[in-house]
Amino acid sequence: MRFHLFTLFPEMFAGPLDVSILKRAKRAGVIEIAIHDIREGATDRHRTVDDTPYGGGAGMVMMAPPIVTAVETALGPDLATTPIIVLSPSGRRFTQAMARRLAASPSLALICGHYEGIDDRVTDILHAEEVSIGDFVLSGGELAAMVIVDTVSRLVPRVIDAASLVEESHGSGLVEYPHYTRPAVYREHAVPDVLLSGHHGEIARWRREMSLRRTAQRRPDLLAQATLTEAERALAASVAADAASDDSSSPENDGQQST
Ligand code: SAH
């Protein structure tokens, strides 16, 4: 799989993509990451890439021509077959399901915005899709692009052990169960007995229940889409109801809730 990243700040990508799993995948030739400087697409003497917004207002907007030129030049014959993503806080939310879809493509292009964002025509001209990594505003699209490259890469066959992908968070619509490793007791906190029992059936049941409870407590919004038995749905509903009535410590409340 080949990733093409378009940015005004290529130096931001040094480091995060050069360690651990991504480093190994690049070495093995399973993924390839090409970083393109949008400034290369600028044609004037000053290599201008941004300008003030039409209609007025604060900040600068990244101009369409340098970006379109940079993308067309870099992708060449692959332009028509490469999904192109424009990182934007107003885009469709990035999810594990989207990552799975993208991992099936042989190439992917990601365009990083900065300042106030990117001239809207870039999305139309390149038949791109705007994607957001969450409901918050970053100062640039580079970190968001790295999030997507990382998430998609680990789903590309042979990047990590396929067994690790079977049960993880968001796979089946639930978040994952908790993990523990040695020592069995640490600062008086013991690992749950069942995990030391060697009883695979009970361990699997416990993990499923923990996964369900955690989802109900922390991410009840996911439950509607999850595939659950009747009994699991009932348990999830009661855990979610308890969690909702005991919510005063939730960071979402910012300490604003009156008691
Ligand atoms: N004025 C814009 C914010 C621009 S932030 C607005 O209010 O929508 C600058 C750049 O950071 C964006 O162009 C985008 O590429 C990136 N960015 C910021 N938040 C992001 C998010 N949640 N997901 C993906 N990209 C984001």
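## Backbone features

Ser20 belongs to helix α1, which spans residues 20-27; helices are DSSP runs of H or I with at least four residues, strands are DSSP runs of E with at least two, and both are numbered from the N terminus. The phi angle of Ser20 is near 55°, a positive value in a residue other than glycine. A cis peptide bond, with omega near 5°, leads from Arg182 to Pro183. Pro183 itself is placed in the loop between α6 (162-166) and β8 (185-186).

## Basis of the description

The model is predicted: local features need pLDDT of at least 70, side-chain atom pairs count only at pLDDT 80 or more, and totals for chains, interfaces and linings use all residues. Residues are numbered from 1 along each chain as its sequence is written, and side-chain values use heavy atoms, with hydrogens and water left out.

## The sheet

Five strands form an open sheet in the order β2-β1-β6-β5-β7, with parallel pairing; two strands pair if DSSP finds at least two bridges between them. At the edges stand β2 (32-37) and β7, each of which pairs on one side only. From one strand to the next the twist averages 35°, where axes are lines fitted to C-alpha atoms, for helices over the stretch in contact, and angles run from 0 to 180 degrees between N-to-C directions. Helix α2 (residues 64-75) packs on this sheet and touches β1 (2-7), β2, β5 and β6, contact meaning heavy atoms within 4.5 Å. The direction of α2 makes about 155° with that of β1.

Strand β5 (residues 84-93) pairs with β6 (residues 107-111) in the parallel sense over 3 bridges. Within this pairing, Ile84 stands opposite Ala109, and Leu110 is the bridge partner of Ile85. Strand β5 also runs parallel to β7 (residues 129-132), joined to that strand by 5 bridges. Here Leu87 stands opposite Val131.

## The ligand shell

The ligand is surrounded by 19 residues, the closest being Leu87, Gly113, Glu116, Phe136 and Leu138; a residue counts as near if one of its heavy atoms lies within 4 Å. The shell divides into 9 nonpolar, 9 polar and 1 charged residues. In this division Ala, Val, Leu, Ile, Met, Phe, Trp, Tyr, Cys and Pro are nonpolar, Asp, Glu, Lys and Arg are charged, and the others, Gly among them, are polar. Strand β5 gives the most to the shell, with 3 residues.

A polar backbone atom of Gly134 is 3.0 Å from a nitrogen atom of the ligand, and a backbone N or O atom of Leu138 lies 2.9 Å from a ligand nitrogen atom. For Gly140, a backbone N or O atom lies 3.5 Å from an oxygen atom of the ligand. Taken alone, the ligand exposes 560 Å², of which the protein buries 83%; accessible areas come from the Shrake-Rupley method with a 1.4 Å probe.

How values were computed. A polar contact is a pair of N or O atoms within 3.5 Å; within protein, one must be able to donate a hydrogen and the other to accept it, and residues adjacent in sequence count only if both atoms are side-chain atoms.
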